[in-house]
Amino acid sequence: VDGRLVSCRHGGRDLVVWSRNGTSEAEPTARVLASSHDGRRLNSPNDAALHPTDGSIYFTDPSWGIIDEPVEAQELPCHGVFRLDPRTGNVSLILDNLAMPNGIAISPGGDVLYVSDTGGRADHANPAFATAEPPATIRAWTLVNGSVASPDSPLWMVRDFSDGMCFAAGDGLWTTRGGSAESALGDKGLVLRDPATGAEKGIVPLETPPTNVECNAEPGGLFVTAESHVFRVMLVRPQP
């Protein structure tokens, strides 16, 4: 946002923006953008995406950061996807029907929201998801005036286990297929998808299963995080 880093903090259970207070040598400080919804603490914000036209921030809020913390109680009744309004600071819940929302991306036109859901868990706060199902999925929804038009009717849905994703102009939707993915889903690595249908267009296999991917680092390049590595992937395209 305005050239500053926005990050999701599991420990702080919040969404923050970082600043160096005017000098490159100064220790960066974090200003909290969002930490609650309707008076209840967020679970543990996981991933965020900046809307390209209105500047709002969409973020996922699973409970990964508090599952193994006995002193941290879950206050929200769901694992949701939220929108932070940059003008008012209001945090609105836009999706509450996912098991464990994780990766998130927005189309360049700002009219489609993409979210990966890593699936149900026995310790889910919502009893409807307190099983091994629903399975891990990636879904796309139409965005209208900052809201999901039809939460129960996505534009498309595909089975896959993806921690993170990003939208690359000229390529499409890059998603990760991580270590918890079923072998039947395919090789672990970076999966390129058709943003209109979710269909798999290609894959970049990685020996270390990826967790997240950043598309905007440089033209034709991707930076990928894994459990103990950071990879740089350069895309080589045929010359016309």
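Hi everyone. Counting cysteine sulfur pairs within 2.5 Å, the tally for this structure comes to one disulfide. Please keep in mind that we are looking at a predicted model.

Let's start with that bond. Its partners are Cys 166 and Cys 215, with 1.5 Å from S to S. The link between Cys 166 and Cys 215 is right-handed, with 70° about the S-S bond. Cys 166 sits in strand 15, residues 165-168, and Cys 215 in strand 19, residues 210-218, so the bond ties together parts that are 49 residues apart in sequence. Are these two buried or exposed? Cys 166 is buried, at 8% relative accessibility, and Cys 215 is buried too, with a value of 7%.

What about Cys 8? Its sulfur is too far away for a bond, because the closest cysteine sulfur, in Cys 166, is 15 Å off. Cys 8 is partly exposed, with a relative accessible area of 21%. Cys 78 is in no disulfide either, and its nearest cysteine sulfur, the one in Cys 8, is 16 Å away. At 8% relative accessibility, Cys 78 is buried.

Now to the inside of the protein. The largest nonpolar core has 13 residues, and the ones touching the most other members are Tyr 58, Val 81, Leu 95, Ile 104, Leu 113, Val 115 and Val 148. At least two residues of this core come from each of strand 9 (91-95), strand 10 (101-106), strand 11 (112-117) and strand 12 (137-144). If you click on Ile 104, you will find contacts that include Tyr 58, Phe 59, Val 81, Leu 113, Val 115 and Met 165, leaving out residues up to four places away in sequence. There is also a second, separate core of eleven residues, and Cys 166, Trp 174, Leu 190 and Val 224 are among them.

Thr 137 is buried, at 4% relative accessible area. Which residues does Thr 137 contact, beyond its neighbours within four places in sequence? They are Val 115, Ser 116, Asp 117, Met 157, Val 158, Arg 159 and Asp 160.

Four strands form an open sheet in the order 6-7-8-9, with antiparallel pairing. Strand 6 (48-50) and strand 9 are the edges, each pairing on one side only. From one strand to the next, the twist averages 25°. Within this sheet, strand 8, residues 80-84, pairs with strand 9 over four bridges. Across that pairing, Phe 82 stands opposite Leu 93 of strand 9.

As a reminder, most residues other than glycine have a negative phi. Asp 38 is not a glycine, yet its phi is positive, at about 55°. Where is Asp 38? You will find Asp 38 in the loop between strand 4 (36-37) and strand 5 (40-41), and with a relative accessible area of 70% it is exposed. Asn 145 also has a positive phi, near 55°. Asn 145 lies in the loop between strand 12 and strand 13 (147-148), and at 79% relative accessibility Asn 145 is exposed.

Notes: Residues numbered from 1 in each chain as written. Predicted model: local features only at pLDDT ≥ 70, side-chain atom pairs only at ≥ 80, totals over all residues. Heavy atoms only, no water. Core = buried A, V, L, I, M, F, W, Y, C linked by side-chain atoms within 4.5 Å. Buried < 20%, exposed > 50% of the residue type's maximum accessible area, 1.4 Å probe, protein only. Contact = heavy atoms within 4.5 Å. Pairing = 2+ DSSP bridges. Axes fitted to C-alpha atoms, helices over the stretch in contact; angles between N-to-C directions.
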